[in-house]
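Student: Could you take me through this structure one feature at a time, with the general idea ahead of the case at hand?

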Amino acid sequence: MNHQHSALLLVDIQPDFMPGGALAVEGGDEIVEPVRHLMNSNLFGLLVATQDWHPPGHISFASSHTARKPFETIELYDHPQTLWPDHCVQGSAGAQLHPELPWDKVAAIIRKGMDPQCDSYSGFRNNWNINGERPPTGLAGYLRERGISEVYVCGLARDICVRWTAEDAVDAGFRVNFLWDITRSVNPNDDQALRQALINRGVILTNQATVSARSRNY
Ligand code: VGL
Ligand code: ZN
């Protein structure tokens with residue numbers, strides 16, 4: 001692992017994904033302390049955050065569809081779309097980056113999910129839009145131009161936005177490490193299948209302690 005060439009990607013660490021939030025992820029608050037530890041370490045050449053940032057009435061909200069409830073799935077532009085409770089509405093308290101983390105250390109914040117008609121799980125690309133495209137956010141080019149070849153992903157939710165970010169990072173040509181223990185799932189029942197799916201996609205599964213131990217070598 002080379003400090004200068006690796007980036008820590010902090011995915012959607014926002015109050016709405018914490019217990020008590022609009023789209024609460026069980027145990028989401030347990031990642032805050034170890035994430036702070038990594039953000040304050042000298043292990044990464046660059047820190048980048050993503051922020052789920054939806055306009056009111058976003059197409060991913062169940063409330064935007066008649067007779068639909070949160071966590072139902074519909075077909076949208078020929079792909080399944082889970083409908084969510086209203087969450088991470090632009091400017092709301094629940095959409096802020098978590099107030100107890102040192103965001104001053106982050107070089108860039110990628111806001112996503114801003115297209116009213118299209119969801120965006122990954123920090124790299126939107127989900128499919130009406131034209132069947134997944135428009136990029138520019139993050140891959142930003143990282144590449146900063147000399148980054150390897151990324152470490154953490155945050156929320158493990159099975160949604162962290163997963164999609166990790167898989168798109170592989171497709172964009174980065175070496176990708178998934179910091180499993182500093183992520184939490186919306187559906188933890190599927191975690192074993194998720195581990196295997198990530199391995200099959202070429203994602204390296206690791207954890208915070210393993211990565212932190214390496215700092216002793218520098
Ligand atoms: C997320 C569902 C909807 C996430 C965002 O950050 O994992 N999940 N929007
Ligand atoms: Zn969202």
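This is a predicted model: local features need pLDDT of at least 70, side-chain atom pairs count only at pLDDT 80 or more; totals for chains, interfaces and linings use all residues.

Student: Which residues coordinate the zinc ion (ligand 2)?

Tutor: Donors are N, O and S atoms within 2.8 Å of the metal (3.2 Å for Na, K and Ca), and because water is not among the atoms, sites may look incomplete. Here Asp52 (OD), His54 (NE2) and His87 (NE2) coordinate the zinc ion (ligand 2) at 2.0 to 2.2 Å, and along the chain the donors follow the spacing D-x1-H-x32-H. Aspartate 52 and histidine 54 are both buried, a term that stands for under 20% relative accessible area, with exposed meaning over 50% and partly exposed in between (1.4 Å probe, protein chains only).

Student: Why is the arrangement around the zinc ion (ligand 2) irregular?

Tutor: Four donors count as tetrahedral if all angles lie between 85 and 135 degrees; four count as square planar and six as octahedral if opposite donors are over 155 degrees apart and all others between 65 and 115; anything else is irregular. The four donor atoms around the zinc ion (ligand 2) subtend angles of 89 to 170°, which makes the arrangement irregular.

Student: What volume does the largest cavity have, and how much space lies in the largest pocket?

Tutor: Rolling a probe the size of a water molecule over the atoms shows where empty space is left. On a 1 Å grid over the protein atoms alone, a cavity is a set of points where a 1.4 Å probe fits but cannot get out, and a pocket is an open set with protein on both sides within 12 Å along at least five of seven lines; lining residues have an atom within 4 Å of a point. Grid points are joined across faces, edges and corners, and a volume is the space filled by probe spheres set on the points. The largest cavity has a volume of about 120 Å³, and its lining of 16 residues has Phe17, Leu23, Trp84, Ile160 and Cys161 nearest the centre. The largest pocket holds about 390 Å³ and is lined by 19 residues, with Thr82, Tyr121, Asp159, Ile160 and Trp164 nearest its centre.

Student: Which residues have a positive phi, and which peptide bond is cis?

Tutor: Most residues other than glycine have a negative phi, and most peptide bonds are trans. Alanine 67 has phi near 60° and is exposed, at 79% relative accessibility, whereas phenylalanine 71 has a positive phi of about 80° and is partly exposed, at 49%. The peptide bond from leucine 156 to alanine 157 is cis, with omega near -15°.

Terms used
Residues are numbered from 1 along each chain as its sequence is written. Chains are lettered from A and ligands numbered from 1 in the order in which they are written. Side-chain values use heavy atoms; hydrogens and water are left out.
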